[in-house]
Amino acid sequence: MRWANTKLIFLREIRDQLRDRRTLFMIAVLPMLMYPLLGMVYFQIAQFLREKPTSVLVLGALNLPESPPLFENDRFSPTLFSKPQAADLLNLTFYNQGSDLWTPAPEDPLEKAREAVRTGQFDAAIWFPSNFADELDRFRLVSESGVLEVRKGEEAVGPETLPSIPRPEVIYTTSNEKSQITFSRLQRVLHSWNKAIGKRNLAAVGLAPEAALPFEIQGDDLAEAAGTRGMAIWAKLLPVMLLLWALTGAFYPAIDLCAGEKERGTLETLLCSPALRSEIVVGKLLTVMLFSMATVILNLISIGITGLFLMKQMPGIGPVPLAAVGWLLVVLVPVSALFGALCLALAAMARSSKEGQYYLMPLLLIVMPLAILPMIPSVEMNLGFSLIPITNLCLWLRSAVEGQYAVLLKYAVPVLGVTVVCCFFSIRWAVDQFNRESVLFSENERNDLGLWLRHMVRDRQPTPKVGAAFLAGALILVAMFFLGLTMPVPEGFGGLVRTVMVTQLGVIVAPILILTFLLTTRPAKTLLLNRPAWRVAWKTVPMAILLAALLHPLAFAIQALIARLYPIGPEAQALQGLIASVPSFWQLFLLAAVTPAICEELAFRGFLLSGFRHSGHKWQAIALSAIFFGMTHTIVQQSIMTMMVGLVLGYLAIQSGSLLTTIAYHMTHNGLALMTTLVTPELLARHRWFASLVDTADGGYSYQTPVVIVTTLLAIVVFGWFYRLQHGETDEEQLQGAIHHGQALGDEPLGPE
């Protein structure tokens, strides 16, 4: 790569973007205006956020004791509120015998009150029984006599001799939010009155009222002295806002640099220049990153200035610490590179600026759940979350804002390492989009779903296209989602058999077979079951079984590591209980090893992998099929391991060209995993040779480290055998290989400088 060309492209794109008024407005003007305007709007609507009075109907107010008073001057007693003016938030309407509220007087006032609350005439109602004061006094007197007898050493009054405790009834409805607020207010008032009655009863028997509440809790807020008051709010908001700012700041310039140039007709001139495609991508990427970082910085400045004035109106929240801003700026570079590369690749796929803007929503649907997950209080930074892209950055930044620098340094390597890896693959994807002529010079045509479906059926190819593979994967995932909601939890062996058969045959195999015969002309080739596949099976199937056996200790160790990073929930434990209910191992083997091996390989290494290979990238096709393969497993820990196994299966499918090879590996892998459930101390005692290979120190068992190392090295040798196999390439893979070969020649100097 020649940096001189990259620099020229970078300066060209910067100059063009600075001339674009829309980009300047989105990047510079909007952030400086948005937060002051939002603050002004907040103060304008603050008057509507004040608490409003609610109406309460009171029945049986004459049946209450005189002391302590519940009502004073047709209002609740101000002494029952922490703030006396809060009594004005409850407007009371009293109903007693002879009241003219309802004419004629109802036979059942309580039922009439329920109807009034139900129809919205009152927000809530409170009813006191006719004998409320008498029962309250009787309860007090009996309680007092019981206490006196205890003092004299005599037998105390038993609970069976005490009268029933009088209970007022609050009538409200949860279908009305205002009614729920009124109920909450009434609860607080009655709780205060109840405490006042309890103090009166204690005073009547000669005990201090404080005996019921002997101590009070006093808080010591360390954040007050440290100047970090209210940082919990900033710790949750700032990381999410940073990601959204970086994403939106990168998206709109990327759309203009790719889709916009297609519309203006200037992209062809740039592609005809001596610059390589990778140099063009890096130049555009640096431009997008610059505008993304500028958006974040300007937003931080604007929200900081606005926040200085807003903090005076919100005493519970302090200003953003400068150290947290520094950490935000440190993370800004990899975040801008990640989102810049993603936006650039998506923008290259767009035929126009309008179409490019549609791609923002799918990107947000992927980013937002990962960014919002750290806002859940129970989610804390650990090694498992530090390996999840975007989520790890939010948690890491949250630790920075909260001042937890020990956590910050502890997980710096995995967080930044995962982010750098994601940036690398995102940039590779962007470069790949610029190497595809079908993407850069696609026609700006109207999309018609019916026309597209007719085209897929009418112009069928021997194997499915990339769009058909995505369609099949999406159908399987949607079907699995609805099946998980409607399928009852299996009980016993019969329920497990029904669940497996419905899932494998109805959800996975049936759609794949229908799409195979509907959208392809050579089903056998699509599913890797044609004649060449059968010819190589005699030598690849035994090697696949051997490879699965050699990788089993490594897979077992990885599964144990995943279980430690992401602890297994009750769903996985319930599944283990179902496995234990199977009568015999061979029935379990047919159900959980043979059936999934055949059905899932037909779908993911057959139809989906054949379709994804038309993208021109072998490893991209393997990764996509593995991702869909993992997502069909609802348990997260199982999905991660399944994706890893899917990578191995995809490679074996391409190298051998036979689905029988992957079925053999899949079946062996599942079978060995099932056999681990049979390992017991008695079995280890009978088979000393196997006991010497495992470690039982932690109560369970795991393979010894030397066993894992040796079997992994032998597995690498078997991988080398598969690597030497001659496999057929699709036309798209051959074309991409020629393009990369030409780029490699272009990087070499053709003569003396």
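The predicted model contains zero disulfides, a disulfide being a pair of cysteine sulfur atoms within 2.5 Å. C423 takes part in no disulfide, and the nearest cysteine sulfur, that of C422, lies 7.1 Å away. C423 counts as buried at 8% relative accessibility (buried: under 20% relative accessible area, 1.4 Å probe, protein chains only). C599 is also buried, at a relative accessible area of 5%. Residues are numbered from 1 along each chain as its sequence is written. Because the model is predicted, local features need pLDDT of at least 70 and side-chain atom pairs count only at pLDDT 80 or more, while totals for chains, interfaces and linings use all residues; side-chain values use heavy atoms, without hydrogens and water.

Helices are DSSP runs (H or I, at least four residues) numbered from the N terminus. Helix α22 (residues 531-565) spans only 45 Å between its end C-alpha atoms, whereas a straight helix of 35 residues would span 51 Å at 1.5 Å a residue (1.5 Å times one less than the number of residues). A bend of about 60° occurs in α22 at A537, taken as the angle between axes fitted to the seven residues ending there and the seven starting there.

Helix α25 (residues 618-631) and helix α26 (residues 636-656) have axes that come within 8 Å and cross at roughly 140°, with axes fitted to C-alpha atoms over the stretch in contact and angles running from 0 to 180 degrees between N-to-C directions.

A472, in helix α19 (residues 466-486), is buried at a relative accessible area of 1%. A472 and G611 are 139 residues apart in sequence, with their C-alpha atoms 9.7 Å apart in space.

Note on methods. Buried means under 20% relative accessible area, exposed over 50%, partly exposed in between (1.4 Å probe, protein chains only). Helices (H or I, at least four residues) and strands (E, at least two) are DSSP runs, numbered from the N terminus.
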